[in-house]
Each structure stands twice: as structure tokens, then as C-alpha cells.
Amino acid sequence: MMKEYQGDVEEILAHRYDLGADYWTTSDKRLIKGAPFSTLESMMLLTELGMDRTDPLIEETAELIFSTWREDGRFQVTGKGAILPCQTVNAVNTLCHMGYQDDERIKTTFKYLLATQYEKGGWRCNKFSYGRGEETLYANPGPTLTGLSAFRFTEYLNQEAELDSAVELLLEHWRIKRPIGPCHYGIGTLFMQPEYPFRTYNLFYYVYVLSFYEKAKKDERFLEAFAALQKTMKDEQIVVVRNNKKLAGLSFCKKGEPSVLATKRYQEILQNLK
């Protein structure tokens, strides 16, 4: 854990019982409720601040998350609600950041995700909140980006053609721009404002994840997005243009200010592109 961010850690821990049960959740294990201080997002925040798998809190929260795992590989993170692909990709991505990518249950989930990709690449569900227009013929870019984030922890990275099709979906979206997928993910003003920590479908997160994939690295669409990100920087540092207002009290991601940890993620991008 990074000592300079101890205050941030304490702020996150202060929300641990907000929803009535331990580990940032409810009594019926709704692990995505209470964002950005839900179970899954709190773990993403704490691992970004340097907490690792050996910490008892990581182990205990991982046990909670795994308690929602189903034998087919899905995660039921909404209590008794429906299980959607976006929920499974968020759960597996979080567990990978927590250090559990080699767990046999996680391996089953990755096989499930590969087997259930949409025919045009990426992941989507059959929930059509905005109707069934032509744009819904695409997968949802947001969950697809999160899924690719998780897969970079695995042996499938740059070895699996199915992942290349997911990368292609995101690269194609850079050209399309308009909202696509059943949940209408677009590339507009908000997307172009670098967000940190990584939470939503956003320019910084988009460039960061795709920089791990050989299919994207030399593609002109990716390079355009990378150049757009660089234009937002100040003195070679990532400036946090957007984040959730509930994170305003955290020092590592102050809105409108350069972020040391965000800039470290940018440096990873540069390393990936060498």
C-alpha cells in the first residue's frame, strides 16, 4: 500500500458498511450497488492504491465475490436479479486486478466469455432499453472494453482470434462515434474527457486497454485516439478531467489536476507501444 495515499484508503474504508453489510455490499450481495463505493469498485480503487492479494481484506472480499460465482462461469452480483454479461465482465476484471486470474473459477469464466461473444465481436445482452434500432446490431462497447481489460491478465492475450474481433469492434467505434449497442455507448464530449480512476467507457481507459493488444497498436484508429489523449495532457502528465463527484475527497484523482498514478498508467501505454 502506498503510504502517501493512506488518507484515500481510509476514505474508501469509511464506506465499508454504508449498505448495511460488510465489504461495501448489501445483505443480499448486490456487489455493484453504491457506486463508486460498491464492492467491485472499492476493490478496484484499493488495488489501484497498491493493496495486494496478501492483504486479508482482499482475501475476504474475494471470498464474497466468488460466493456469487456460478458453475457456468457467470457471476450473479445483483442479489437475485438477472445475470447480465456486463456484470460478469466487471466481476472477473475486478478479481484479476485483485490477483486471482489463475483461480480455476476465473479460468472457467474466461472460457464462458469466449464462448458467448456476440457474432460481431464483443459482449452484449438481450436487454433493449432503447428499442431495437440498427445501432443495436453491435455489441456494447463498454462491457467489451472491460472484458478486454480482464483478458490482458491471461494467456489468451494476443493469442485468441475472438479477442481480435472484440478489439476491431472498439476500433470501428472510433470511426462510427454515434451510440451503438443495446445500451447506446457513444464517443462524444464526455468520452473525450480523460476519466481516472478507470470506471466507464472513456478515452483514457480505451487507449490504455487497447495498448495491450497487437491488433490495435499500429492501427490508425488507435493512433488517432492515442494522439487525442496526448493533447489533453499537461507537462507530460495525465490531467483528470472527469471523475465521479463522490471521489472528490480522494487525493490521487483530483479533478482538474495532474495525477501521479494516472500518469503511471500512461507510462504503461508508452511501454506497450515500444
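**Close-up views of a predicted model**

**View 1. The crossing of helices H2 and H4 is left-handed.** In a left-handed crossing, the near helix is turned anticlockwise from the far one by less than a right angle. Helices here are DSSP runs of H or I, at least four residues long, numbered from the N terminus. H2 covers residues 39-48 and H4 covers residues 85-97. The two pack at an angle of about 30 degrees, and their axes are 9 Å apart. Axes are lines fitted to C-alpha atoms over the stretch in contact, with angles from 0 to 180 degrees between N-to-C directions. H2 and H4 are therefore roughly parallel to each other (an angle under 35 degrees). From H2, the contact (heavy atoms within 4.5 Å) involves Leu-40, Met-43, Met-44 and Thr-47. From H4, Asn-90, Ala-91, Asn-93, Thr-94 and His-97 take part. By class, these residues are 4 nonpolar, 5 polar and no charged. Ala, Val, Leu, Ile, Met, Phe, Trp, Tyr, Cys and Pro count as nonpolar, Asp, Glu, Lys and Arg as charged, and the others as polar.

The model is predicted: local features need pLDDT of at least 70 and side-chain atom pairs pLDDT 80 or more, while totals for chains, interfaces and linings use all residues. Residues are numbered from 1 along each chain as its sequence is written, and side-chain values use heavy atoms, leaving out hydrogens and water.

**View 2. Helix H3 spans residues 56-66 and has buried residues.** Leu-57, Ile-58, Thr-61, Ala-62, Leu-64, Ile-65 and Phe-66 of H3 are buried (under 20% relative accessible area with a 1.4 Å probe; exposed is over 50%, partly exposed in between). Their cover includes helix H1 (6-13), H2, H4 and helix H5 (104-115). At the start of H3, Asp-55 places a side-chain oxygen within 2.8 Å of the backbone nitrogen of Leu-57.

**View 3. Asn-202 sits in the loop between helix H7 (161-176) and helix H8 (203-210).** Asn-202 has 0% relative accessibility and so counts as buried. A polar atom of the Asn-202 side chain lies 3.1 Å from the backbone nitrogen of Phe-204. Neighbours within four places in sequence left aside, Asn-202 is in contact with Leu-190, Phe-191, Gln-193, Pro-194, Glu-195 and Arg-242.

**View 4. Ala-228 belongs to helix H10, residues 220-231.** With 16% relative accessibility, Ala-228 counts as buried. Not counting residues up to four places away in sequence, Ala-228 touches Trp-174, Met-192 and Leu-203. Leu-270 is 42 residues from Ala-228 along the chain, and their C-alpha atoms are separated by 14 Å.

**View 5. The loop between H1 and H2 holds Tyr-23 and Pro-36.** Tyr-23 is not a glycine, yet has a positive phi of about 60 degrees. Tyr-23 counts as buried, at 17% relative accessibility.

**View 6. The loop between H7 and H8 holds Lys-177 and Pro-197.** Lys-177 has a positive phi of about 70 degrees, although it is not a glycine. At 31% relative accessibility, Lys-177 counts as partly exposed. The peptide bond from Tyr-196 to Pro-197 is cis, with omega near 0 degrees.

Methods. Polar contact = N/O pair within 3.5 Å; in protein donor to acceptor, adjacent residues only side chain to side chain. Parallel < 35°, antiparallel > 145°, perpendicular 65-115°, else oblique.
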